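Trainee: I'm new to this one and would like to learn how to read its features. Could you walk me through them?

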Amino acid sequence: MESLFSKLCSYMGAFALLQTFLPPPLRQYLDRGLELLWEKLFQTADPYMELQVEEKMGGNHNVNVFYRQVGIYLGSLRSSIDSHTHLKVCRSLENGSLAFSLPDNEALEDSFKGLHVWWTHTSREREGGNNGYGSRDERGFTLRFMKAERSIIMPAYLDHVSMVCAEIEHRNTERLLYTNNYGSWEQTPFKHPSTFDTLALDDGLADRMKADLDVFCKGESFYHKNGRAWKRGYLLYGPPGTGKSSMIAAIANHVEYDIYDLELTKVSDNAELKSLLIQTTRKAVIVIEDIDCSVELSNRTAAKDMDSMSSESHESSTGVSNEGRKLTLSGLLNFTDGLWSCCGEERIFIFTTNHKDRLDSALLRPGRMDMHILLSYCSFPAFKKLASNYLGIQDHPMYTELEDALTRAPHRITPAAMAEMLISNQSDPDAAFRLVMASCASPPAVANPLEVLSVNANKRSIKKGRFRGRTFFFLAAIRGKHGD
Ligand SMILES: Nc1ncnc2c1ncn2[C@@H]1O[C@H](COP(=O)(O)OP(=O)(O)OP(=O)(O)O)[C@@H](O)[C@H]1O
């Protein structure tokens, strides 16, 4: 009896030793085999249950979306995959990246809320060939978990799989820039290289913006718990060429959202505005640039005075009263803030203006735009960032002098103008810095025509374009704001 007991002990010791050396897939096979043996010997009920996720469903073999989602999800479980020594690999046609997965019949372990589940992929030849349904194999995933955990796995874990897959797909999909064209959105791939690392901003602003965006993106439960629409508003203001458009691109790149660039002059009325908003998807940055110039949304008191002066002549010439004006400030406020704005989630609204003082106080009141961000002339830290980006220079003997000049400069330089001076003298940094010094000391030889235009002319009649990173305006037809 004693010798049998010691034999049993030594077997157990050998098993424990074997357990540490066996590769995980083999261990799982053994586990499963022993479980089956145990069930056979002692007739115990299987404490596990299984779910089948087949690639094709039903008699007419419709594609099962969840099968694809599971495949993508499992591909993201890198630490579980890395613990295996037998893997499959393929390269994606779309983005050229490598994707690893387990061979058929090998179990991949995952955990969710402290529970453990196991996925296995199987494929077997379809009976009677391919029957005209593409693949000859019947493929599917099997999910195995404890029966007692059924209420957590179904559907919370399954929803989790779909959600993670949606995020992965969103990250891998090319992002889009939408522009409105009379009632509908037209899309084009969005590839703007601006990031918070390339922007020259005042100290700490990039970090504050990134932190704010990160909190917003992870804020679903916060917004829902507090009964708030999951959206955020930024007003970017400052002179032309200080990086407002570049910051929009940096924001979109940071959060990886699509951009909807709303041109208000192409929106005929509030109903169209509403319809455009409803067509936007979640995870969207909705931008209205130069909001003070887009439509008559300036200070309402001033507008009222203007209206009363001109209403008579306007009505007689057009037959439409000012009261019946089609696109209104209240329509726009409803767009960003009111009930309409709640028909989608995870949206960032950005308005830009060169003249914050011209905006109606209703647009500026606390809570409307969450952050008002001033982008201004080039400070010394911003200059150093541009010099580092464009010339690869971190420090230079002229920096003390330049800091002094930029701090006291009577003729302030925009980051756009600074970038141009550095880029055009890339091969000779000393010459670039001398040019910056000279620009600090005296105004540019030729006044910046775009600044003159932007002050006097109605921007609705000005076309905006970019060439080599600079913003250019050219007149479609010069029409002064008040007809001058
Ligand atoms: N803060 C900045 N950091 C880095 N580059 C900048 C910055 N500001 C401007 N630039 C450069 O100047 C160019 C024009 O800037 P951008 O169009 O972003 O300015 P803006 O403020 O939107 O001008 P506008 O009001 O005329 O639309 C950009 O392509 C970028 O190269």
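Trainee: Where is Pro155 placed?

Mentor: Pro155 sits in helix H5, residues 150–172. Keep in mind that this is a predicted model. The peptide bond leading from Met154 into Pro155 is cis, and its omega is near 5 degrees.

Trainee: Which residues other than glycine have a positive phi?

Mentor: One of them is Asp290, with phi near 50 degrees. You'll find Asp290 in the loop between E13 and helix H10 (291–294). Lys113 also has a positive phi, about 50 degrees, and is not a glycine either. Lys113 belongs to the loop between strand E6 (107–112) and strand E7 (115–125).

Trainee: Does Lys113 count as buried or exposed? And what about Asp290, buried or exposed?

Mentor: Count the C-beta neighbours. Lys113 has 10 of them inside 10 Å, so Lys113 counts as exposed. Asp290 has 21 inside 10 Å, so Asp290 counts as buried. For the whole chain of 484 residues, 22% count as buried.

Trainee: How should I read burial along a helix?

Mentor: Start with the general idea. An α-helix has 3.6 residues a turn, so residues three or four places apart point the same way. Now take helix H15, residues 399–408, where Leu402, Ala405 and Leu406 are buried. Looking down the axis of H15, you see the buried residues fall within an arc of 95 degrees, so they line one face of the helix.

Trainee: What do the buried residues of H15 pack against, and which exposed residues are on the face turned away?

Mentor: The buried residues of H15 pack against helix H14 (380–391) and H17. On the face turned away from the buried side you get the exposed residues Thr400, Thr407 and Arg408.

Trainee: H17 came up there. How do I describe two helices that pack together?

Mentor: Two packed helices are described by the angle between their axes and the distance between the axes. Here, helix H16 (residues 415–423) and helix H17 (residues 429–441) pack at about 145 degrees, and their axes are 8 Å apart. The crossing of H16 past H17 is right-handed.

Trainee: Which residues make that contact?

Mentor: From H16 come Met418, Met421 and Leu422, while H17 brings Ala432, Leu435, Val436 and Ser439. Sort the contact of H16 with H17 by class and you have 6 nonpolar residues, 1 polar residue and no charged ones.

Trainee: On to sheets. In what order do the strands of the open sheet run?

Mentor: There are 7 strands, in the order E10-E9-E12-E13-E14-E11-E15, and the pairing is mixed. Strand E10 (184–189) and strand E15 (371–374) are the edge strands, each pairing on one side only. Ignoring direction, neighbouring strands in this sheet are turned by 25 degrees against each other on average.

Trainee: In what sense do E11 and E15 pair?

Mentor: Strand E11 (residues 231–237) and E15 pair in the parallel sense, over 4 bridges. To spot this pairing by eye, look for Leu236, which stands opposite Ile373 in E15.

Trainee: Which strands does helix H8 lie across?

Mentor: Helix H8 (residues 244–255) lies across E11, strand E12 (258–261), strand E13 (284–288) and strand E14 (347–353). Relative to E14, H8 runs at about 170 degrees.

Trainee: How many helices and strands does the chain have?

Mentor: The chain comes to 18 helices and 17 strands. As for contacts between residues at least 6 apart in sequence, 68% join residues at least 24 apart.

Notes
Residues numbered from 1 in each chain as written. Predicted model: local features only at pLDDT ≥ 70, side-chain atom pairs only at ≥ 80, totals over all residues. Axes fitted to C-alpha atoms, helices over the stretch in contact; angles between N-to-C directions. Helix = DSSP H or I, 4+ residues; strand = E, 2+ residues; numbered from the N terminus. Left-handed = near helix turned anticlockwise from the far one by under 90°. Contact = placed C-beta atoms within 7 Å. Nonpolar A, V, L, I, M, F, W, Y, C, P; charged D, E, K, R; others polar. Pairing = 2+ DSSP bridges. Buried ≥ 20, exposed ≤ 12 C-beta atoms within 10 Å, placed from the backbone. Arc of directions from axis to C-beta.
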